[in-house]
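Colleague: I would like to learn how to read a model like this one. Please take it feature by feature.

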Amino acid sequence: MFTIEHDFDATVVTLVDEGNAPLKEDIVINAFDDCVTVEQWDARLNEVRTLTFSLSQLRDLQAALDLPEGIYQLRPGKVD
């Protein structure tokens, strides 16, 4: 299950783990104009852990999900 909310400065997507236990904590994705953050509660550290992706890194991740093992470099005008 997931939710989508449009805040003042970001689009927020929350991914909720469903199914058989043990379940993972919710993942919150904040899409800003210049970056995307991914947050998840870490019960071991009792804090929210945050990763920040540049838009370039996010583009590379999107491409990587559809490619086989290897080393790649995306070039302008070459992405489908």
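## Strands, salt bridges and a charged patch

Modeller: Take strand 2 (residues 11-15) and strand 3 (residues 27-31), which pair in the antiparallel sense over 5 bridges. This is a predicted model, in which local features need pLDDT of at least 70 and side-chain atom pairs count only at pLDDT 80 or more, while totals for chains, interfaces and linings use all residues. Residues are numbered from 1 along each chain as its sequence is written, and side-chain values use heavy atoms, with hydrogens and water left out.

Colleague: What counts as a strand, and when do two of them pair?

Modeller: Strands (E, at least two residues) are DSSP runs, numbered from the N terminus. Two strands pair if DSSP finds at least two bridges between them. Here, T11 has A31 in strand 3 as its bridge partner.

Colleague: Which strand pairs with strand 1, and in which sense?

Modeller: Strand 1 pairs with strand 2 in the antiparallel sense, over 5 bridges. Strand 1 covers residues 2-6. Within this pair, T14 in strand 2 stands opposite T3.

Colleague: Where does strand 3 go next?

Modeller: A hairpin of 3 residues joins strand 3 to strand 4. Strand 4 spans residues 35-42, and its antiparallel pairing with strand 3 has 5 bridges. V28 has E39 in strand 4 as its bridge partner.

Colleague: How many bridges link strand 4 and strand 5?

Modeller: There are 8 bridges, again in the antiparallel sense, and strand 5 is residues 47-54. E39 has T50 in strand 5 as its bridge partner. The hairpin between strand 4 and strand 5 has 4 residues between them, and N46 in that turn has a positive phi of about 60 degrees.

Colleague: How do I read burial?

Modeller: Buried means under 20% relative accessible area, exposed means over 50%, and partly exposed lies in between (1.4 Å probe, protein chains only). The areas come from the Shrake-Rupley method. Strand 1 is hardly covered, as the count of buried residues among its 5 residues is 0.

Colleague: How many salt bridges does a search of the whole structure find?

Modeller: The search finds 3. A salt bridge is a side-chain nitrogen of Lys or Arg within 4 Å of a carboxyl oxygen of Asp or Glu. One of them joins R44 and D42, at 3.3 Å from N to O.

Colleague: Are R44 and D42 buried or exposed?

Modeller: R44 counts as exposed because its relative accessibility is 74%. D42 is buried, with a relative accessible area of 11%.

Colleague: And the other salt bridges?

Modeller: R49 forms one with E47, where the closest N and O atoms are 3.3 Å apart. R49 is partly exposed at 43% relative accessibility, and E47 is partly exposed at 35%. D60 and R59 meet in another, at 3.0 Å from N to O. D60 is partly exposed, with a relative accessible area of 35%, and R59 is also partly exposed, at 35%.

Colleague: Which residues form the negative surface patch?

Modeller: The patch is formed by E5, D7, D9, D33 and D34. Patches are made of residues with over 30% relative accessible area and no salt bridge, with like charges joined within 9 Å. Asp and Glu count as negative, and the place of the charge is taken as CG of Asp or CD of Glu. E5 lies in strand 1 and is partly exposed, with a relative accessible area of 42%.

Technical notes: Patch = residues over 30% accessible without salt bridge, like charges linked within 9 Å, V, L, I, M, F, W, Y side chains within 5 Å. Areas by Shrake-Rupley, 256 points an atom, 1.4 Å probe, with all protein chains shown as cover.
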